[in-house]
Amino acid sequence: MSDEPLPPVPHTYPQGCYFATPADIAGKKVTVMGLGLNGGGEATVRFLLQHGAIVTVTDMKKAEDLAATVKSLGEDSSLDHSRLRYVLGEHKIEDFAQADCVIKNPGVKYDGNKYLAAAKAIETDISLFLHFTKAPIIAVTGSKGKSSTVSAISYGLKEAGFNAFLGGNITVSPLTFLDQTDSTTPVVLELSSWQLADLRGRKALKPKIALITKIIPDHQNFYHSMISYVADKKLIYADQTKDDFTILDFDDDPAADGGTLIANWGNIFAAETKATVLRYSKKKLPQNVYGIWQDANGKGIARLPAKLLSKAAQAKGKDTDTILKDIIVPGKHMRLNVLNAALVLRLMGVAPEKTIDILGHWNGIEHRLEYFHEWKNGGLTVRFYNDSAATVPEAAAESTQAFGEPVIFLTGGTDKGLDLSPIAATLANPLAIQPSATYLLAGSATDKMLSDFAARGIRHNGVYNSLDDMLTRLKADIVSHKGALGTKVVVFSPGATSFGMFQNEFDRGRQFKEKVRAIFSTGLCG
């Protein structure tokens with residue numbers, strides 16, 4: 001018998017919501033656990049104050065670390081600040097035990113947390129929104145591609161004429177637009193595994209469309225196993241019905257098993273969901289499988305039940321529609337994200353030809369292979385892409401292949417318990433497009449990359465303790481090759497987190513763009 005302890009049983013919350021309606025919030029003592037800097041905590045505090053709650057904000061970060069958020073709330077004259085108090089740099093058990101309800105930060109584990117154990121009731125901004133709104137929900141989770149997918153869906157819906165909203169893990173709390181939603185306003189939610197875990201048992205999430213992007217090992221410093229990580233992902237479809245849709249991966253990916261011997265999570269999900277299943281693939285689907293794929297010319301093809309096909313396809317007796325053609329954003333993996341968005345638009349009733357036109361004009365989102373700067377040096381043009389939201393090694397590895405030509409690859413950061421070898425494996429693969437140069441930003445993940453690099457004989461251009469140092473060296477190296485002509489692509493894709501050096505991946509991306517613009521100012525350089 002194994003001596004390893006059994007994994008903890010996931011916490012299940014009571015069905016329903018502590019507040020029956022927003023009006024029930026008035027006069028209640030509510031503790032917000034985690035103010036943060038990404039807007040979620042701030043939006044929750046605003047919402048609670050606007051609905052008459054007596055609010056205590058507690059965060060382990062100190063006041064100076066949260067100054068921007070505290071200032072933003074303090075300068076809002078529409079809020080009743082007499083009902084707001086802060087406890088920063090610590091948590092006090094009485095703030096949890098004496099509160100009528102605690103609003104939990106999704107990044108905080110329930111298991112073993114004495115403060116949450118003392119709470120009479122626990123909600124999140126997502127659980128409040130889902131209980132209060134009547135909007136049809138399009139929910140997206142997965143390990144990579146979530147943010148790009150939800151952004152493309154949201155863009156497409158708005159361009160198609162829907163009054164649509166986007167929120168969730170993409171750093172926009174849905175509480176900011178709750179009052180603007182009704183049964184005609186689709187809401188696209190990006191949901192992390194942590195946000196889904198906070199919904200277990202509540203019966204609050206019943207998406208019209210649930211989409212799970214590619215599953216790969218992630219957050220293994222938070223979860224004890226891939227099984228636990230995926231168990232939270234499964235909650236996205238747990239309360240769907242046969243009238244809903246679940247969109248799932250079809251392609252095998254043994255690297256996704258994390259030691260579980262599962263070759264395709266999509267098959268597991270498909271067997272469990274009660275909704276109508278649609279699959280996505282990089283190759284043609286079998287005749288008996290509904291879903292989408294990319295043909296040899298890169299077009300997006302959808303095989304759907306007859307009632308979901310265009311009238312033109314039905315009239316011709318066809319079982320497929322072309323729903324995607326040319327797109328602007330680079331990368332094969334990005335194309336699959338946009339193809340999934342095209343499928344969602346089709347399920348929402350948008351005509352194929354309109355979908356092709358709309359998504360053909362989508363230019364991507366901030367921090368995801370985001371083109372933001374061009375610098376000229378004699379006959380050389382250098383284009384910079386910010387992919388700071390690539391926090392897993394697979395995403396960073398794919399960024400080196402996204403442009404169809406060698407790139408200058410900037411990578412590295414802080415470890416979060418992942419196998420970093422996919423980066424080295426790609427750089428050592430003779431069939432892959434090799435970066436023309438690789439620069440590493442210091443961190444615990446970079447230390448693991450260096451070991452992988454050494455084992456495979458991969459050279460790099462140095463490890464740097466700051467963005468300034470790395471970019472200054474990069475500029476010097478470029479200038480030293482004065483005879484270079486043409487166009488080069490620089491992509492910053494860390495494949496790791498940003499703890500220590502930056503507040504988060506978004507702060508990292510913003511700083512990267514600011515420093516590139518400063519160091520590589522426009523115009524010629526000698």
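Lys234 has a relative accessible area of 22% and is therefore partly exposed, a class that lies between buried (under 20% relative accessible area) and exposed (over 50%), as found with a 1.4 Å probe on protein chains only. This is a predicted model, in which local features need pLDDT of at least 70 and side-chain atom pairs count only at pLDDT 80 or more, while totals for chains, interfaces and linings use all residues. Residues are numbered from 1 along each chain as its sequence is written, and side-chain values use heavy atoms, with hydrogens and water left out.

- Lys234 forms a salt bridge with Glu272, with 3.0 Å between the closest N and O atoms, where the term stands for a side-chain nitrogen of Lys or Arg within 4 Å of a carboxyl oxygen of Asp or Glu.
- This pair links distant parts of the chain, 38 residues apart, with Glu272 in helix 9 (residues 265–272); helices are DSSP runs of H or I with at least four residues, strands are runs of E with at least two, and both are numbered from the N terminus.
- Glu272 is partly exposed because its relative accessibility is 37%.
- Glu366 and Lys513 also meet in a salt bridge through their side chains (2.8 Å, N to O).
- Lys513 is buried because its relative accessible area is 7%, whereas Glu366, at 38% relative accessibility, is partly exposed.

**Other salt bridges**

- The side chains of Lys71 and Glu75 form a salt bridge at 4.0 Å, N to O, and both residues are exposed.
- The whole structure holds 21 salt bridges.
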